[in-house]
Amino acid sequence: MVGIASGYAAVGFMRAIEFLQTSLYGTDDPRTLHSFAATLPWYWILMLPCIGGLIVGWILTRFTPDGRVRGPAEVIQASAMKEGRVERRAGLASMAASLITLSSGGSTGREGPVVHLVGMIAGWVSNKMNADGVTGRDLLGCAVAAGVAASFNAPLAGALFAMEVVLRHFAVHAFAPITIAAVSGSVISRTHFGDVTEFILPEASALAFYIELPAFLLLGLTSGLIAFVLMRSVFFAEDVANELQARLRMPAMLRPALAGLMLGGFAIFFPHIIGVGYETTSAALSGDLLLREAVIFAVLKVVAVSITMGGRMGGGIFSPALMIGALVGLAFGAIATSFFPDISGSETLYALAGMGAVAGAVLGAPISTTLIVFELTGDWQTGLAVMIAVSIASALSGRLVDRSFFLTQLERRGIHLAAGPQAYLLAMFKVSAVMKSPDHPKAPKEDRIRRAMNEGLFVAPGDTLEAAMPLFERSNSDFLAVTRLTEKDGAPDVLGVLLHVDALRVYNRALAATAAEEHS
């Protein structure tokens with residue numbers, strides 16, 4: 001049921017984008033949006049993203065506490081730290097913002113919003129069932145699997161994406177429900193869109209014997225660096241926008257509108273940056289672009305994605321990564337085949353491998369991304385080339401950032417999921433839930449507690465064990481005072497003590513529960 005509901009949610013979101021794009025741009029086929037947009041008046045191309053950004057700014061300012069769009073990063077956090085529950089009010093606002101962004105010319109993807117949308121469905125079901133953490137995470141994985149499967153008509157990739165990216169484990173107990181949900185979402189997609197692949201290649205690509213494989217190793221290294229540049233560009237744009245907004249005291253509502261105005265200015269001359277970019281991706285996979293065009297479009301797409309996401313307009317990064325990867329692969333293939341024309345395969349094979357390599361490195365999901373490339377194109381004959389490029393790119397970029405774009409997003413907010421459960425579990429427990437009262441039989445005497453306070457060995461009840469454990473390590477103390485400042489004279493008031501053994505006991509139980517879930 002979660003798979004069916006998530007499949008319909010994904011299909012509905014895609015249909016809504018198509019309807020709004022058709023209404024706003026006047027095109028009959030949203031898949032050829034940038035070609036049609038090139039025929040529109042320049043002022044319409046300029047103003048439409050700006051107006052969309054203004055609406056997005058109002059939505060996010062009105063319905064989110066921080067004016068920030070929710071996406072897969074929050075779903076990953078919900079899986080790890082919130083028992084699979086995704087926030088709904090901000091999530092609905094983010095869905096609306098992403099819908100407006102993608103429909104009015106924003107240069108991002110639709111899959112990120114879909115992942116968060118179906119995550120809300122799973123969270124609602126979990127709350128109605130009063131599900132525990134394991135069941136809540138499994139239902140979240142089911143929803144994500146169905147949403148991704150419906151978005152790409154890729155059930156295999158949807159199931160593995162949910163486990164590889166969201167749950168971040170491959171527990172046997174989760175495999176069956178997630179697979180059933182992925183198949184359900186894919187059936188819903190095929191019912192409405194037909195059993196067709198997202199991209200159609202002109203001919204089956206052939207790998208020119210094994211002598212060409214080293215070229216795909218180099219393509220993987222190149223794609224890993226490009227993925228790193230893409231991710232860092234987005235974060236750089238976000239930091240610059242934050243700095244400018246603070247210095248100019250710009251209302252948060254105007255930030256997406258300004259980003260939209262910049263996008264519109266680019267789109268007047270290069271309409272390829274508008275929307276998801278599947279038309280340009282298809283052209284790259286078909287070899288219909290020149291080397292110069294592929295390089296220019298890739299650079300402009302990186303800039304456009306950075307502006308869109310740095311301006312907090314909404315949307316995801318997966319589709320842009322596919323487009324940039326296909327362009328980079330095509331450019332690489334044009335150069336590689338020109339050096340060794342007698343032993344080289346098609347340039348489109350490099351475009352296909354590059355598409356998977358950049359996307360896999362950005363998502364930190366080499367397994368599911370490899371399968372998505374296969375299922376998007378229906379070409380299963382190029383497995384060696386794609387696998388090599390994707391694995392090398394993911395390994396390289398994973399060392400340059402915190403595993404993936406989403407985990408790096410969380411790391412920048414102080415949420416340490418990339419290092420594993422041992423790094424983030426401590427942040428899930430507050431001191432107030434573990435501490436003992438001063439009169440507890442195991443609590444130290446009052447003079448020792450006061451002495452610890454004077455030595456700086458104290459925490460607040462609202463702190464987490466993540467803040468307390470470094471104090472234990474540095475001081476080699478067996479307890480910390482738990483204090484709170486009084487309103488009268490500012491002197492600290494002793495509320496209790498946090499024993500080191502209690503903190504370790506809670507941490508050990510959480511680690512054991514996590515290990516049991518991952519190996520069940």
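A polar contact is a pair of N or O atoms within 3.5 Å; within protein, one must be able to donate a hydrogen and the other to accept it, and residues adjacent in sequence count only if both atoms are side-chain atoms. The model is predicted: local features need pLDDT of at least 70, side-chain atom pairs count only at pLDDT 80 or more, and totals for chains, interfaces and linings use all residues. Residues are numbered from 1 along each chain as its sequence is written, and side-chain values use heavy atoms, with hydrogens and water left out.

**Exercise 1.** Find the side chain with which Glu 74 makes a polar contact.

Solution. Start with the place: Glu 74 sits in helix H4 (residues 72–81). Helices are DSSP runs (H or I, at least four residues), numbered from the N terminus. Next, the partner: the side chain of Arg 413 is 2.6 Å away in a polar contact. Then list the contacts (heavy atoms within 4.5 Å). Beyond neighbours within four places in sequence, Glu 74 touches Arg 68, Val 69, His 116 and Arg 413. Buried means under 20% relative accessible area (1.4 Å probe, protein chains only).

**Exercise 2.** Classify the ring pair of Phe 216 and Tyr 350.

Solution. A pair of aromatic rings is described by the distance of the centres and the angle of the planes. Rings of Phe, Tyr and Trp (its six-membered ring) pair if their centres lie within 6.5 Å; planes under 30 degrees apart count as stacked, over 60 as edge-to-face and the rest as tilted. The structure holds seven such aromatic pairs. For Phe 216 and Tyr 350, the centres are 4.5 Å apart and the planes are at 10°, so this pair is stacked. Now place both residues. Phe 216 is in helix H10 (residues 213–248) and Tyr 350 in helix H15 (residues 347–363), so the pair ties together parts 134 residues apart in sequence. Both Phe 216 and Tyr 350 are buried.

Methods:
Helices (H or I, at least four residues) and strands (E, at least two) are DSSP runs, numbered from the N terminus. Buried means under 20% relative accessible area, exposed over 50%, partly exposed in between (1.4 Å probe, protein chains only).
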